[in-house]
Amino acid sequence: MSALIHIGLYKTASTFLQKNIFTNIQNRDYIQNVDPGLCKQIKHLARQEAINHMNTGMVDSKALIEIKKSVKEHNRDLIISSESFAGHPGLLFKDYRRIALTLKKIFPEGKILLVIREQSSYLESLYKHAVKKGSTMSIDDFLNIKQNRDFINTNIQNFNFKLKSPTDYRCLNYLPMVRTYYDLFGRDNVLCIPYELLNNSPDEFIEKIANFSSSVIDNNIDNKIVNKGVSRFGFFSNFLVNRLNILLARSNVVFKQMKIPIVLLIRFFVLIFDFIYFIPARPLSKSSKNIINIYYRKKNLDLSALIDFDLKKCGY
């Protein structure tokens with residue numbers, strides 16, 4: 001029994017893959033569907049092992065043994081997918097290696113599918129998501145672009161894993177992660193593929209996954225990504241609502257009661273504007289984007305050579 005393990009970085013169409021692709025592979029069981037309890041245990045162990053290692057170096061051998069036993073009870077090849085397997089941007093992805101080691105222990109014959117995304121696009125999307133979840137930081141502060149602070153979150157036990165914590169724009173060098181999986185699982189058992197290929201050539205993207213994993217994928221799947229992302233007006237309204245929440249939290253009861261109608265009114269206008277004319281939000285300035293692109297230019301060239309795929313074709 002072998003497993004296809006999807007290392008889905010946040011904001012790389014992981015939900016699309018989980019709903020449209022993995023559920024339509026005929027010769028593999030998508031573990032989230034056939035054994036959700038085991039899937040939850042694996043994800044929890046992988047995350048917990050990373051937390052324990054960063055704090056105490058301890059491992060949960062008993063839980064690992066139980067999970068390996070449950071995995072062996074499945075007769076068909078499996079698929080497991082999780083955004084958390086890539087590590088967390090708020091921890092600068094420093095937890096990915098420990099997660100990779102745990103996955104190797106659970107699935108020694110596993111095949112790794114790693115989907116990456118061009119760094120400036122990824123970071124901008126991550127910031128928009130953080131604002132949607134309540135952040136009021138500027139994008140340069142959120143990504144540590146101009147402050148150059150020595151960033152590391154040491155209080156991992158109380159860490160916010162909901163993509164709201166700030167990060168550092170220099171955390172997205174994919175080379176060490178790819179090399180780690182090459183070392184653990186073997187080069188032939190790792191496919192690193194850009195998210196942008198799904199937008200540019202969805203049939204080629206799906207074919208690469210099918211050929212790599214020896215999977216039979218239904219022909220009638222919907223290979224279009226319908227999520228347009230947040231609009232410029234929607235992004236501005238999210239930021240405004242976040243600021244409003246801070247302001248109303250300091251005000252008296254009367255003003256606090258005005259929050260719901262004000263927010264509903266703002267959301268209504270967003271729906272109207274987006275229906276008439278949708279403009280994607282682009283909060284990252286040209287100067288900040290240039291800083292990010294310069295930092296990753298050589299690293300992406302090296303990555304292209306390592307994975308034998310010209311990432312320039314996808315905007316890297």
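**Figure 1. Confidence of the predicted model.** The mean pLDDT of the protein chain is 84, and 85% of its residues reach 70 or more. Over residues 154-159, the pLDDT is below 50. In the model, this stretch has 12 contacts beyond near neighbours in sequence. Where pLDDT is low, the predicted coordinates should not be read in detail.

**Figure 2. Pairing of strands E4 and E5.** Strand E4 covers residues 111-116 and runs parallel to E5, to which 5 bridges join it. Isoleucine 116 has proline 194 of E5 opposite. Strands of a sheet pair through backbone hydrogen bonds, either parallel or antiparallel.

**Figure 3. Packing of helix H5 with helix H8.** Helix H5 (residues 96-106) and helix H8 (residues 175-185) have axes that come within 10 Å and cross at roughly 20°. An angle under 35 degrees counts as roughly parallel, which means that H5 is roughly parallel to H8. The crossing of these two helices, H5 and H8, is right-handed. On the H5 side, the contact is made by Tyr96, Arg97, Ala100, Leu101, Leu103 and Lys104. In H8, the residues they meet are Pro176, Met177, Thr180, Tyr181, Leu184 and Phe185. Sorted by class, the contact of H5 with H8 has 9 nonpolar, 1 polar and 2 charged residues.

**Figure 4. Packing of helix H8 with helix H14.** Helix H14 spans residues 286-307 and packs with H8 at an angle of about 20°, the axes being 10 Å apart. H8 and H14 are therefore roughly parallel to each other. The crossing of H8 and H14 is left-handed. From H8, Leu175, Val178, Arg179 and Tyr182 take part, meeting Lys299, Asp302, Leu303, Leu306 and Ile307 in H14. The contact of H8 with H14 has 6 nonpolar and 3 charged residues, and no polar ones.

Terms used. Residues numbered from 1 in each chain as written. Predicted model: local features only at pLDDT ≥ 70, side-chain atom pairs only at ≥ 80, totals over all residues. Heavy atoms only, no water. Pairing = 2+ DSSP bridges. Helix = DSSP H or I, 4+ residues; strand = E, 2+ residues; numbered from the N terminus. Axes fitted to C-alpha atoms, helices over the stretch in contact; angles between N-to-C directions. Parallel < 35°, antiparallel > 145°, perpendicular 65-115°, else oblique. Left-handed = near helix turned anticlockwise from the far one by under 90°. Contact = heavy atoms within 4.5 Å. Nonpolar A, V, L, I, M, F, W, Y, C, P; charged D, E, K, R; others polar. pLDDT = per-residue confidence, 0-100.
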